[in-house]
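Good morning, everyone. Please bring the structure up on your screens, and we will walk through it together.

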Amino acid sequence: MFTPVRTASNNCWRCLTHSKTIPSLGRTILSLQNIPKRFYATPSATGVDAPVDLAHTRNIGIIAHIDAGKTTTTERMLYYSGFTRRIGEVDEGSTVMDYLPAERSRGITITSAAITFNWTPSAPGSQPYTINLIDTPGHADFTFEVERSIRVLDGAVTILDGVAGVEAQTEKVWRQAEKYGIPRLIFVNKLDRVGAKFGPTVKEIALKLNAWPAVLQLPIYEQDKGGRDDIFRGLVDIVEKRVFVWDLGGDGQKIDVHDYNWLEENRPDLYSEALTARVALVELLSEHDEELVEVFLDIGDHHTISSDAIKKSLRKQTLRGSSEVVPVLCGASFKNIGVQPLLDAVIDYLPSPLDKPETEISYDHGKAKGVLSASEDRLCALAFKVVNDPKRGAMVFVRVYSGTLVRAHHLYNTTLGVKERVHRLLRMYADDAVDIQSIPTGHIGVIIGLKNARTGDTLISDHHHHHSGKGNKHHQKASDAFGTVQLRPIEVPPPVFFASIEPNSLSEQKPLEDALSMLLREDPSLHITTDEDSGQMLISGMGELHLEIARDRLVGELKAKAEMGRILISYRETIPSTSEYELRTVFEKEIAGKLAKAGCHVSVIGLNEPPILGLGTPNETIVDGNIISVDIVAPEQTLTMEEAETVHTKLPKSIDIEELKSSLISGAMAALGRGPYLGFPVRNTSVKITIDPSKDYFGTESTLSAYSSAARLAATAALKEAIASNEEGILMEPMMNVIVTVDEKDLGKVVGDLSSSRGGHVLELGGGDEEVDRLDTSKVYAPGQAGKGNDNDGGVGGKRWVVATVPLKEMVGYLKHLRSMTTGRGTFVMNLLGWERMTRPRAVDVLKDIRGG
Ligand SMILES: Nc1nc2c(ncn2[C@@H]2O[C@H](COP(=O)(O)OP(=O)(O)OP(=O)(O)O)[C@@H](O)[C@H]2O)c(=O)[nH]1
């Protein structure tokens, strides 16, 4: 399946650039040759994989605003690594990375795929490195997915668009990366474009990302006949004090390398800027690095301090994963400029898995926290992405955090409590794959043949478990705490949009259900609910685009023959916060000739605020913004402990108290899942269920399912009572936290629109001159323009942002509106704050909309 490799030629740019024979002036034409393809990953004839050196591994991701050039940059990386033979163009729909058809046709990156390639850095005598590149989505609807993929990265490259600067989505993802302490470097892309501004973008990094930029490169523009700096040609390497000039129009493999003498002679303005940049770099690094200060004091000169000393300090400080020092590079991927030095920087400054050998975990269903050491020999891996492949079936992308994942071994999924077998292991090269025998600690690969694992599940080796003895092979209890280990679980946010989904015919029901369950394994932020009465299925998710893509995937890739209805906002229902209704119900029904009968007492109470997870009493279950509690009591409330025990014994031995409780809870959850008013899920409600065995137990007729039905009926009836007298304040709508970034001149319009036409509350205005608690940007070095881009035409320098809370309903279609208000320059991000009770007039509007639809 894979072709024999071509040997690397000696004639490569990295060897030459570092060779001492480089002419002190003059040009050296260099050519980058293809690295042998995958020589390091081929399983040998004996079935043993070649050893992998963790110090020579980088697990990285690219985070960027949509359209910043992530796909284009990735393509170039693959090309220069020798993996692809031709450069794919996003615009042609032929890229290697975005291999799902839905992504190609939309031209945006949706799914986190992981891809492996290798890169030999330019430093003389370097060994090849294995880079596992994990693709992260750029669209706001997929923030959850970004957060999920960020967890498996050791480091990240942030790509900025040199024209647009730091966009809102980038800020958001940056903060997530900060939260997880992921070391980052920044690549300012698209510097070839008219209006590109490197200096102001560097300032913006400080202003908006609150990070200290360590400028490692300066862009070089060639002057056209009119004397304007117009054509982006290359960059000055501040650390190594050299200049790279790319061939115009080539594939980027030919690079002219010059030294500073050339720069001084040909571009004196840029030369003096480069000197300033080096002083700024050494000063910045010295602020946090005593060792470098020592070196500096010995030498006493910013310019003669060795590049190795600077690199060492840069690496040390970047690895902290804080924003104290963030390397900033520049380029234009589309013009094939700057990508090889970027790859070098990935190796130089981003961590290997050994740099962070401990991973946060939780045990015992989230109750205990701890750390997992990479030296632990028991296997622990995270399924960070499940992708359905038409030929191979479910591909489960995993990162191994400890131990070794071995082919043909059995795994135990601690999230689902099931056992599975590893049929095949693959290492992925975009849509091409190589079979491997094992995936060692710190590495990334794909498991084929798992039937259950979903995105986000934790997998350990199975031999630490024994069967629970209940005869069910698939449900086992862990033999020790390790059996409950969870790798950094993240909360799945509640869905805010939904649509009905229906098979085209009855015979399509089963294939549709199968396709949906695959989709849910891939993306746990999608939800499916089935209406018990009508049997109608609803799919819900985090955004309109999220659901549209789910539909495209379902119909296109998973071949489901189904129709999705209109995408609507997922409202919630509640009961008035002062209300409390209680009633007792006895459920009685003949099922298959047998009478099922059980009773329970339920009270429902409206809550002003949703309950806080983790704060309930042991008796309370907090789920989807509600509290459910179950008590099993005697008729008289004054019981001693012993008497309470005997009350329980009034229930037959065949009924397990814990099972009874969970049946009652699931009955209550079913009632809360479908509100009495319009059928939306209920929130901000407490449901108390009380069982008095002397009244509610009817011998063998009182089965667990009878109790569940009783709880559902009673809770539904009580909720109906609670809203019967008062329709006010019982619909809740999703409220969003919105951050809009606009040019100064559009600020007034945008604020006015948000607060008057959209019913939002503006909380904060930022940007411009009135920055207070952000970092002091006057202390930040940003290159002035020996290159270009100091013309301040209301571009990145004049950006302002608005923070507001706005109902989601008013944000539908907002992007288009914002674009037209701001001549296409405004951007925004939003995330769910919570649900708020709607006023009567708003609720009436919603009702009209729902009924009209
Ligand atoms: N002029 C110029 N255009 C670029 C450069 N890099 C990317 N582009 C263009 O910008 C657009 C977006 O590039 P992509 O690589 O698809 O961006 P992306 O960040 O992967 O976008 P998503 O996958 O949608 O998040 C494409 O039309 C590219 O051709 C560059 O260096 N210069």
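**A pair of strands to begin with**

Start with strand E13, residues 358-363, and strand E14, residues 368-373: six bridges join them, and the two run antiparallel.

Before we go on, a word of caution. What you see is a predicted model. The chain has a mean pLDDT of 80, and 79% of its residues reach 70 or more. For the complex, the predictor gives an ipTM of 0.98 and a pTM of 0.75.

Where does pLDDT stay under 50? One such stretch is residues 85-112. The model has 69 contacts beyond four places in sequence for that stretch. Another is residues 466-479, with 16 contacts beyond four places in sequence. Where pLDDT is low, the predicted coordinates should not be read in detail.

**The open sheet**

Now the seven-stranded sheet. It is open, and the strand order is E3-E4-E2-E5-E6-E12-E7. The pairing is mixed. Which strands are at the edges? They are strand E3, 114-119, and strand E7, 213-215, and each pairs on one side only. From one strand to the next, the twist averages 30°.

Let us zoom in on one pair. Strand E5, residues 155-161, and strand E6, residues 184-189, pair in the parallel sense over six bridges. Keep one general point in mind as you look. In a regular strand the side chains alternate between the two faces of the sheet.

What lies across this sheet? Helix H2, residues 70-80, lies across strand E2 (57-64), E3, strand E4 (129-135), E5 and E6. H2 runs at about 150° to E2.

**Helices that meet**

Two packed helices are described by the angle between their axes and the distance between the axes.

H2 brings Thr-73, Arg-76, Met-77 and Tyr-80 to the contact, and H11 brings Val-339, Gln-340 and Leu-343. By type, the residues of this contact are four nonpolar, two polar and one charged.

Next, helix H15, residues 657-673, and helix H17, residues 704-724. Their axes come within 7 Å and cross at roughly 35°. What is the hand of the crossing, left or right? H15 passes H17 in a right-handed crossing. On the H15 side, the contact residues include Leu-660, Gly-667 and Ala-671. On the H17 side, Tyr-707, Ala-711 and Leu-719 are among them. This contact divides into 12 nonpolar, seven polar and two charged residues.

**One hairpin to finish**

Last stop. Strand E18, residues 410-413, pairs with strand E19, residues 418-421, in the antiparallel sense over four bridges. Tyr-412 stands opposite Lys-419 in E19. How many residues lie between E18 and E19 in this hairpin? Four. In the turn, look for Gly-417, which has a positive phi of about 70°.

That is the tour. Thank you.

Conventions: Residues are numbered from 1 along each chain as its sequence is written. Two strands pair if DSSP finds at least two bridges between them. Axes are lines fitted to C-alpha atoms, for helices over the stretch in contact, and angles run from 0 to 180 degrees between N-to-C directions. Two residues are in contact if their C-beta atoms, placed from the backbone, lie within 7 Å. pLDDT is the predictor's confidence in each residue, from 0 to 100. Ala, Val, Leu, Ile, Met, Phe, Trp, Tyr, Cys and Pro count as nonpolar, Asp, Glu, Lys and Arg as charged, and the others, Gly among them, as polar. A crossing is left-handed if the near helix is turned anticlockwise from the far one by less than a right angle, and right-handed if clockwise.
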